[in-house]
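Q: Please go through this model with me and set each label against its definition, so that I can see what each conclusion rests on.

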Amino acid sequence: MTGRIRGLTMGAVLLSAAVSGAVMSTPAMADDKRIGIIVFDGVLSSDVTAPIEVFGIASKKSWFSDYETLVINVGESELITTEEGITLKVDAHVKDQPKVDVLLMPSSYDMDSLLENQALIQYIQKTSKTADWMASNCSGAFVLAEAGVLDGKKATTWAGGESDLESAYPKVDVQFDTNYVIDGNVITSNGSVVSYQAALALLEQMSSERRAKEVEEALQMQRVWKVM
């Protein structure tokens, strides 16, 4: 079976969390292309569940059915717990160096241990040399910057954190007051709810505007944009 999504859709998160407070992904299966999402204890849920839902819907379409999404744990356990208390079963581990075509780095309220994790930084550096796309949500941009992925590129981070990114990584051309930024094959975003918008923008780059619109409509995001 191709296009099998790893992880959760937002609907599954809400339903399962209400029933049991824990959500498990299905066993990993081989597909042609992989979208890797880094996870760890304390990761912010929406940074992970938004792209999982966007790419999960897309993977049900014939034009994106050769993609699967892998949840990749920085640590060695089979489960992680998000900041908001959702339990996820992972598909792979950073120590195993899974090969992916897209790698997304999400965020947490405390990024220090991630910035100091040499195995993670080296994996990001190695992957950036072969991946089609590198991405981050929220303060995940700091990890990409630490790995040198954002050197000489335009990028953003969480709204209000741009000055911190600019100060810590002067080689990055930090963009202020923008939801997401695409520069070459790298996309960075504010995270949280904007993670949906960024994932849709990335999907458009990976497919087409029309196809990304299909997924946007399936999510009823046009109603959100109308309200906003």
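A: Ala-58 belongs to helix α2, which spans residues 45-59, where helices (H or I, at least four residues) and strands (E, at least two) are DSSP runs numbered from the N terminus. This is a predicted model, in which local features need pLDDT of at least 70 and side-chain atom pairs count only at pLDDT 80 or more, while totals for chains, interfaces and linings use all residues. Residues are numbered from 1 along each chain as its sequence is written, and side-chain values use heavy atoms, with hydrogens and water left out.

Q: Why is Ala-58 called buried?
A: Buried means under 20% relative accessible area, exposed over 50%, and partly exposed in between (1.4 Å probe, protein chains only). Ala-58 has a relative accessible area of 0%, and therefore counts as buried.

Q: Which residues does Ala-58 touch, not counting those up to four places away in sequence?
A: Ala-58 touches Trp-63, Phe-64, Leu-203 and Val-215, contact meaning heavy atoms within 4.5 Å. The C-alpha atoms of Ala-58 and Glu-68, which are 10 residues apart along the chain, are separated by 10.0 Å.

Q: What makes Val-174 buried or exposed?
A: Val-174 has a relative accessible area of 7%, and so it is buried. Val-174 lies in strand β9, residues 173-174, and, leaving aside neighbours within four places in sequence, is in contact with Ala-155, Glu-162, Leu-165 and Glu-166. Between the C-alpha atoms of Val-174 and Asp-164, 10 residues apart along the chain, the separation is 9.7 Å.

Q: Which residues of helix α8 are buried, and why are they placed on the same side?
A: In α8, which runs over residues 209-218, the buried residues are Ala-212, Val-215 and Glu-216. They cover an arc of only 105° around the axis, which puts them on the same side of α8; the arc is that of the directions from the helix axis to the C-beta atoms. Just after α8, Gln-220 takes a positive phi of about 60°.

Q: What lines the largest pocket?
A: A pocket is an open set of points on a 1 Å grid over the protein atoms alone, with protein on both sides within 12 Å along at least five of seven lines, and lining residues have an atom within 4 Å of a point. The largest pocket is lined by 10 residues, and Leu-200, Ala-201, Glu-204, Ala-212 and Glu-216 lie nearest its centre. The elements that give two or more residues to this lining are α7 (194-206) and α8. About 180 Å³ of space lies in the largest pocket, a volume being the space filled by probe spheres set on the points, which are joined across faces, edges and corners.

Q: How many cavities of 30 Å³ or more does a search of the whole structure find?
A: The search finds 1, a cavity being a set of grid points where a 1.4 Å probe fits but cannot get out. About 50 Å³ of space lies in the largest cavity, and its lining includes Leu-104, Ser-136, Ile-187 and Leu-202. The elements that give two or more residues to the lining of the largest cavity are β7 (133-137) and α7, and the largest share, 4 residues, comes from α7.
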